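Please work through the exercises below with the sequence and the structure side by side, and try each task before you read its solution.

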Amino acid sequence: MLITIKYFGQIAEVTAKQEEQIEIEETSISKLLELLYSKYDGLKSKDFQIAQNQELVSLEGEITGAEIAILPPFAGG
Amino acid sequence: MQDKKPKNVFREGAISSDFIGNSIYKHQTKTSIGAHNIFLGQVRADEIDGKIVSAIEYTAYEDMANQKFHDIRESAFEKFELTCMHIYHSLGTVKAGEICLFVFVSSPRRKVVFEALEYIVEAIKAGVPVFGKEIFEDETHQWKVNS
């Protein structure tokens, strides 16, 4: 499955990119995170939430959407 | 007036006092309104470890953020008797002392606007994916976190 992953704020600093497409076989979010942790040093120590198709999802959930976003703490206002 | 499609809440750079003044002016024709309430978020020149914040650079997950602003708007209209509501948030660089968030609620009666405004601002702070990079005077930075 081809998914788009978006990175924001301090997460985008760690990944040094704002977006990428990844072909994955895994269907759970935790497996995807393991993949990203091995790819990006320092990601694991960051505080973040995950959105799937623009809704926040639990880290134990399944990947059902084509767009995943890794969101650092919110700072609006 | 409720809209079905999310509007774009974001404006590039600071929100000017002219823009805010003009928004108030435009409501003079809506004569069922008896009370307005306005929240203005201003960038604070915090001192952190001896360094002063000179600006915040805002970014957002814009599609999701606009959807969240829309949801907050819909739920505020459900909860409170509001005549209208406007929300504007900055993207890009906003200097210390400038305005980065403008929330404007109007109702026939005053009590409603106090409650509604607090509800909306707290919901924005907690639930909208906007990110702020605090830029210090020496051009180093740290990431802002809402408390």
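The exercises that follow concern a predicted model, and each task is followed by a solution in steps.

**Exercise 1. Describe the secondary structure and the overall dimensions of chain A.**

Solution. Begin by counting the elements: the secondary structure of chain A comes to two helices and five strands. Then put them in order along the sequence, where they follow the pattern β-α-β-α-β-β-β. For the dimensions, the C-alpha trace of chain A spans about 35 × 25 × 20 Å along its principal axes. A compact globule of 77 residues would have a radius of gyration near 11 Å, and the 12 Å of chain A agrees with this. Finally, of the 77 residues in this chain, 25% count as buried, and among the contacts between residues at least 6 apart in sequence, 51% join residues at least 24 apart.

**Exercise 2. Which strands are joined to β1(A) by bridges, and in which direction do they run?**

Solution. First take strand β2 (residues 19–23) of chain A, which is joined to strand β1 (residues 2–7) of chain A by five bridges, the two strands running antiparallel. A pair to look for here is A:I3 with its bridge partner A:I22 in β2(A). Next take strand β5 (residues 67–71) of chain A, which runs parallel to β1(A) and is joined to it by four bridges. In this second pairing, A:I5 stands opposite A:I68 in β5(A).

**Exercise 3. Check the length of helix α2(B), and find what its buried residues pack against.**

Solution. Start with the length: helix α2 (residues 62–79) of chain B has 18 residues, which at 1.5 Å a residue should span 26 Å, and its end C-alpha atoms are 25 Å apart, so the two values agree. Now list the buried residues of α2(B), which are B:M64, B:A65, B:N66, B:K68, B:F69, B:I72, B:R73 and B:A76.

**Exercise 4. Where do A:A16 and B:D49 lie, and are they buried or exposed?**

Solution. Recall first that most residues other than glycine have a negative phi. A:A16 is not a glycine, yet has a positive phi of about 60 degrees, and A:A16 lies in the loop between α1 and β2 of chain A. Because A:A16 has 8 C-beta neighbours inside 10 Å, this residue counts as exposed. B:D49, also not a glycine, has a positive phi of about 50 degrees and lies in the loop between β3 (47–48) and β4 of chain B. With 6 other C-beta atoms within 10 Å, B:D49 is exposed.

Note on methods:
Residues are numbered from 1 along each chain as its sequence is written. Chains are lettered from A and ligands numbered from 1 in the order in which they are written. This is a predicted model: local features need pLDDT of at least 70, side-chain atom pairs count only at pLDDT 80 or more; totals for chains, interfaces and linings use all residues. Two strands pair if DSSP finds at least two bridges between them. The expected span of a helix is 1.5 Å times one less than its number of residues. A residue is buried if 20 or more other C-beta atoms lie within 10 Å of its own, exposed if 12 or fewer, and partly exposed in between; C-beta atoms are placed from the backbone. Two residues are in contact if their C-beta atoms, placed from the backbone, lie within 7 Å. The radius of gyration is taken over C-alpha atoms; the globule rule is 2.2 Å times the number of residues to the power 0.38.
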